[in-house]
Each structure stands twice: as C-alpha cells, then as structure tokens.
Amino acid sequence: MATTTTQTDIQQSIVKQQKAEQRKKLILNLVLLALLLLAPAVFYPVFLMKILCFALFAVALNLLLGYTGLLSFGHAAFLAAGSYTTGYLLSSFPGLTTEMGIVVGTVASLVLGLGFGLVAIRRQGIYFAMITLALAQLVYFFFVQAPFTGGEDGMHGVPRGYLLGMVDLNDNTAMYYFVLAVFLAGYLLVQRIVGSPFGQVLKAIKQNEPRAVSLGYNVDRYKLMAFVLSAGLAGLAGSVKTVVFQLASLNDAHWHMSGEVILMTLLGGTGTLLGPVVGAGFVVTLEYQLSQGPLGDWVDPILGAIFVLTVLAFRSGIVGEIQNFMRKNLS
Amino acid sequence: MTEILGVPVAVLSGQLMLGIINGSFYALLSLGLAVIFGLLKIINFAHGAMYMLGAMCTVLMFDVFGINYWVALFLAPVVVGCFGIVLEYFLLRRIAGQDHIYSLLLTFGIALILQGLLTNIYGVSGLRYSMPEMFRGGMNLGFMFLPYYRAWVIVAALLVCFGTWFMIEKTRLGSYLRAGTEDSQLMQGFGINVPLLISLTYGFGVMLAAFAGALAAPIYSVSPVMGSNILIVVFAVVVIGGMGSIAGAVITGLMMGVVEGFTKVFYPEGSAAVIFLVMVVVLLIRPSGLFGKEA
C-alpha cells in the first residue's frame with residue numbers, strides 16, 4: 001500500500017510541476033504578446049514587420065528542421081512563390097482584396113511544396129538538403145525567365161490595397177497589426193501542430209526514423225505533410241512580405257535566402273518555439289545596423305562567422321541555451 | 001554544310017565540345033566531393049569556394065609574383081589544399097561526432113566568409129587571366145575548330161580523374177582510404193592514424209576543387225562568386241550519380257556536361273535548368289542515383 005501512495009504522490013507532484021511550467025509559459029507568452037502589441041510606439045513599424053515576416057519564415061523552417069529533422073536548403077523557393085504570386089495578383093487585378101492575394105500566394109507555395117516534397121523525401125539526410133537546394137535553383141531560374149516576374153528588376157509598386165475591402169493597409173499601423181495577426185496565427189498553428197499527436201510522430205521521426213517505421217508509421221507521408229505545411233507557412237510569410245514592402249524580387253528566391261533562414265533558426269534555437277523568432281529578430285536587426293554603418297559590405301562574412309560560431313560553440317541556439325541554463329540552475 | 005536535325009554539324013560539335021569541358025569541371029568537382037564524403041561522411045559546402053580560391057590563387061600568383069601558369073597549376077592546389085587541412089584540423093574535426101547536418105552548415109558558413117571577404121577586396125566583376133602563350137590558337141579538325149587550351153582542359157581533367165581513381169582503387173594508401181570508408185574504428189585498431197588520414201583526405205578533395213579552379217582561370221571569368229552557382233549544379237550531379245563510386249562521379253559529371261551542351265543547341269532557355277530536371281527524373285525512377293549503392 002505504501003508504495004502506491006508514493007507513486008500517486010509522485011504523479012501528483014509531476015502534474016503540479018507541469019501545471020506550474022505551463023503557467024510560467026503562459027505568462028511569458030502574454031508578456032511577449034503585450035510587447036509586440038506596444039512595439040510600434042517605440043520602433044519603426046516597417047522594420048518590425050520585416051522581423052515578423054522573417055520570424056514566420058523561420059518558424060516555418062523550424063517545423064521541418066527542428067521538429068522533423070529535415071534540413072531544407074531550398075526554402076527560399078517557397079518564400080518567393082508566395083511573394084511573386086501575391087505580387088502578380090495584386091498588381092494585375094486591382095479589384096482583388098489583399099487577403100485573397102495572400103491566400104492564393106500561400107496555396108501556390110503549398111502546391112510547390114507538395115511537388116518538392118514528393119521528390120525530396122526519396123532521399124535522406126544531406127542528400128535531402130542537396131536535392132531541395134537544386135530544386136530551389138530550378139525555381140530560381142524559372143523566376144528569372146518567367147515573363148511576369150520582371151526578371152532581374154523584380155516586381156515593384158505592388159499595391160497594399162484594402163483588407164476585406166475595408167481597412168486601408170497603406171497606413172503602417174494598420175498594416176503592422178495585420179502582419180502581427182498573421183504571424184501569431186502561423187506561430188500558434190505551429191505550436192498546435194508540434195503539441196498534437198501528429199507532432200509527436202514528427203519528433204519520433206527526428207529522433208529515430210527506423211524505429212518510427214518499425215512502429216508502423218508511414219514515415220514518408222508524415223514527412224511529406226510536414227514539408228507541405230512548412231512550405232505553405234513559408235509562402236504565407238513571402239506573401240505578407242510582398243504586401244508590406246510592395247515588392248517581390250529575385251533576392252527572395254536566391255539560395256542565399258535559404259541559407260539566411262537556416263541561420264536564423266539555428267541561431268535562435270532549432271526545435272524551440274521561440275527560437276526562430278529570436279533568431280530572425282537578431283539577424284534582421286544585425287543586418288539593418290550593419291547596413292547603416294561602415295561595415296555595410298561585411299554582412300556576408302559576418303553572417304558566415306556567426307554560422308561557424310553557432311555550429312561550433314552553441315548548437316542549441318540562443319533560446320535553447322537559455323532553456324538548458326534554466327533547467328540546470330533553477331529547478 | 002552538313003546538318004544533323006536541322007543544326008549545322010559545326011555548331012553541334014562546338015556545343016558538344018563546350019559540354020565536355022563543362023563536364024570535365026563537374027567531374028573534377030564531384031570527384032572531390034565524393035572523395036571527401038567517402039571518409040568524412042560530410043558534404044563539403046565550401047567546395048565551390050575552394051574552386052574559386054584555386055582560380056583566384058592562380059590569377060594572383062601571376063599578377064603579384066609573376067608565377068607562370070604551369071607552376072601555378074601545381075602550386076595553387078597545394079596552397080588551397082593546405083588551407084583545407086587547416087580548416088579540417090581546427091574546425092571540422094570539432095564536430096566530427098555530431099549530426100552531419102552541422103558539418104554541412106559549418107562548411108556553408110566557411111563558404112560565406114570566404115566569398116564575402118574576397119568580394120570586398122576584389123569586387124564581383126572578376127579578374128582577368130591571360131591565356132598562356134603556348135595555348136593561343138587552335139587547330140581545324142575539318143568539321144570544327146578546336147582551341148588548344150580547351151583540348152588541354154579535357155586531357156588534364158581526365159588525367160587527374162584517372163590518377164585519382166588509380167590511387168584510390170589500386171594503391172596501398174587508397175586501400176586505407178577505402179577501408180576507412182567501411183569502418184574507421186576498426187582501422188584505427190589496426191594502428192593506422194585515422195585522424196591524419198581524414199585531414200589528408202579533406203585536403204586532397206579540396207585540392208581537386210582548387211585544381212579545377214586553376215584550370216578554369218584562363219577560360220572562365222574569375223570572380224569571388226564563381227564557385228557558388230557551379231556548386232549547386234555539382235550537387236545535382238552528385239545526386240544524379242550517387243556517391244557510390246569514383247568512376248560513377250566522373251562519368252556522371254561528363255555526361256551532364258554533354259546533356260547541358262546539347263540543350264544549349266536545341267532549347268537554349270532550358271540549358272540552365274536541364275541538369276536539375278534530370279535530377280528530378282532520376283530521383284523519381286531510381287532514388288539512389290545511377291551509380292549509388294545505398295538506398
């Protein structure tokens with residue numbers, strides 16, 4: 001009898017601990033939300049929107065890299081697919097409301113993601129990375145030559161238009177809260193996915209793929225689902241980015257962009273929810289600060305050096321390291 | 001003038017020629033990638049940067065020290081190879097036991113640093129390297145004109161590829177390398193200095209890339225960004241061929257160069273994309289690649 005009581009005691013204390021942890025997380029999230037809501041009072045809204053777009057992009061990549069263990073080196077293709085589709089629609093069809101342009105852009109990326117996924121998941125590990133990179137290069141060539149993209153110049157003057165035909169998005173404050181809402185929706189979606197039974201299977205695949213197969217999961221289908229979801233979210237980020245900057249350009253499709261979003265995710269912390277957001281904030285701010293100063297030409301070598309340092313010294317990333325530290329010292 | 005499929009023979013054979021030359025570079029680069037992958041199990045994302053360094057070294061050696069082409073063709077790969085060994089010893093070795101994704105990201109970071117630094121110093125427009133005197137001109141084969149230097153590129157690339165194949169398949173050092181690919185722990189148990197072997201292998205793979213760069217200096221525009229685009233093509237070549245065999249890497253490289261050359265004749269818009277399309281088709285039909293062994 002005595003042992004059973006201790007067992008229930010332990011179970012109860014575990015439940016209590018979990019509840020306390022959840023409460024802590026909730027408070028942290030609420031504080032962050034309040035900061036994001038108040039941020040435009042202090043910072044330039046367009047700058048904040050840039051961070052939010054890239055944060056969503058990195059969150060999308062993290063679903064794949066951090067939770068499924070697949071390194072995609074071609075995510076720029078999805079960003080660009082969303083970006084160009086939305087840019088084209090909003091420029092060519094003035095009657096279209098902004099959110100319709102964004103929805104169609106996201107769907108375009110989903111479809112492209114399905115195509116990529118079907119090909120790429122046939123190989124694993126570093127081959128997967130090389131294949132996604134090569135496929136993204138194919139998409140890049142397409143965007144260079146396609147008649148509607150404006151080639152090297154890109155697509156300029158994309159109208160921001162009206163949200164639901166009512167809210168004027170040319171106002172930066174309105175635009176900011178719209179971008180924030182989209183970002184939060186994407187973030188919460190990923191949070192929900194990661195916590196769901198589906199997300200648990202993804203994590204199982206990351207930890208040990210053969211074991212997941214032997215447990216009877218159709219691993220390829222799960223990978224494909226994760227890939228398509230990630231591609232769609234990346235496309236959403238691209239679509240919104242186009243509306244914010246009224247511009248779709250080849251930079252979005254270049255392999256450099258794929259590398260940058262990996263850096264954001266890795267630096268912030270792969271496999272943590274907040275990590276990619278922190279990483280995106282850090283990288284965008286750094287690039288902005290560097291471009292203002294005398295080191296404007298040194299962005300690439302500095303990003304490269306951060307890459308090397310992160311891989312060598314702190315692979316868990318900023319958020320990951322903080323979590324490790326708290327786990328060690330505060331509990 | 002005779003025609004095949006409505007295209008003059010001279011045009012066709014000219015593009016075939018260019019295709020074989022591009023293919024020679026693909027072969028050299030994918031060979032280096034395969035050699036490094038064999039023992040280190042990493043994909044060297046800095047391979048394009050090493051190719052670029054080889055070409056830049058050749059140009060700078062001539063501009064600054066007046067070192068002639070033949071010496072540079074030997075010296076540039078050695079210098080870059082030593083640099084590769086330093087990188088392996090101080091950086092790559094530290095993450096040897098980790099997920100292979102990290103080594104890929106590390107070498108990507110190194111590539112960004114090298115490319116960025118050199119872009120700041122020399123700009124992206126590129127440097128000029130004058131063709132060595134003895135290679136000026138060419139000969140008329142009757143159906144096409146063959147510049148001497150292009151003939152030399154093909155001969156040199158094939159010789160180096162064959163030499164590498166011979167060294168790996170037929171010599172004692174090569175047998176160590178192949179044994180290390182199978183089971184490096186067991187090899188260490190037999191008293192072979194595996195860490196040294198790994199350093200040398202990485203250095204050698206990098207040397208192959210730098211040799212390709214030195215070979216490319218007189219015919220391609222030499223710039224800090226010359227490595228990144230060709231690297232992505234070479235990745236596709238590697239996926240097509242699979243990393244199973246040395247000969248496979250070389251054959252696939254040449255083949256893809258030819259395919260690209262022919263596409264330039266019949267459908268110029270698609271020439272940049274055709275290798276990637278071939279990759280997709282191969283992945284759908286035979287996911288392990290044409291010469292690949294692993295699933």
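Buried means under 20% relative accessible area, exposed means over 50%, and partly exposed lies in between, with a 1.4 Å probe and protein chains only. Keep that scale in mind for this predicted model, where local features need pLDDT of at least 70, side-chain atom pairs count only at pLDDT 80 or more, and totals for chains, interfaces and linings use all residues. Residues are numbered from 1 along each chain as its sequence is written, chains are lettered from A and ligands numbered from 1 in the order in which they are written, and side-chain values use heavy atoms, with hydrogens and water left out.

**Stop 1: two positive phi angles**

Select A:Q246. This residue is in the loop between α9 (219-245) and β4 (247-248) of chain A. Helices (H or I, at least four residues) and strands (E, at least two) are DSSP runs, numbered from the N terminus. A:Q246 is not a glycine, yet its phi is positive, about 55 degrees. Its relative accessibility is 30%, so A:Q246 counts as partly exposed.

Now go to B:K41, in the loop between α1 (9-40) and α2 (47-65) of chain B. Its phi is also positive, near 60 degrees, in a residue other than glycine. B:K41 is partly exposed, at 31% relative accessibility.

**Stop 2: charges over rings**

B:K41 lies over the face of B:F37, 5.6 Å from the ring centre. The criterion is NZ of Lys or CZ of Arg within 6 Å of the ring centre and within 35 degrees of the ring normal. Then show A:R123 with A:Y127. Here A:R123 lies over the ring face of A:Y127, at 3.8 Å from the ring centre.

**Stop 3: aromatic pairs**

Rings of Phe, Tyr and Trp (its six-membered ring) pair if their centres lie within 6.5 Å; planes under 30 degrees apart count as stacked, over 60 as edge-to-face and the rest as tilted. A:Y88 is partly exposed at 34%. A:F93 is partly exposed at 43%, and it is found in the loop between α3 (76-92) and α4 of chain A.

Next, select A:F73, A:W255, A:F307, B:F45, B:F108 and B:F235. They form one aromatic cluster.

**Stop 4: a nonpolar patch**

Return to A:Y88 and A:F93. Both belong to a nonpolar surface patch of about 900 Å², which also includes A:L96, A:M100 and A:F148. Helix α4 (residues 98-120) of chain A gives the largest share of the patch, six residues.

**Stop 5**

Move to A:Q137, in helix α5 (residues 125-145) of chain A. Its relative accessible area is 5%, so A:Q137 is buried. What is A:Q137 in contact with, leaving aside its neighbours within four places in sequence? Show A:W255, B:N229, B:I232 and B:F276. Contact means heavy atoms within 4.5 Å. A:W255 is also one of the residues of the aromatic cluster.

Finish at B:S271, in the loop between α10 (246-266) and α11 (274-285) of chain B. B:S271 is buried, at 11% relative accessibility. Beyond its neighbours within four places in sequence, B:S271 is in contact with B:E260, B:T263 and B:K264. Then pick B:K170: the C-alpha atoms of B:S271 and B:K170 are separated by 38 Å, and the two residues are 101 residues apart along the chain.

Methods. Patch = residues over 30% accessible without salt bridge, like charges linked within 9 Å, V, L, I, M, F, W, Y side chains within 5 Å. Areas by Shrake-Rupley, 256 points an atom, 1.4 Å probe, with all protein chains shown as cover. Salt bridge = Lys/Arg side-chain N within 4 Å of Asp/Glu carboxyl O.
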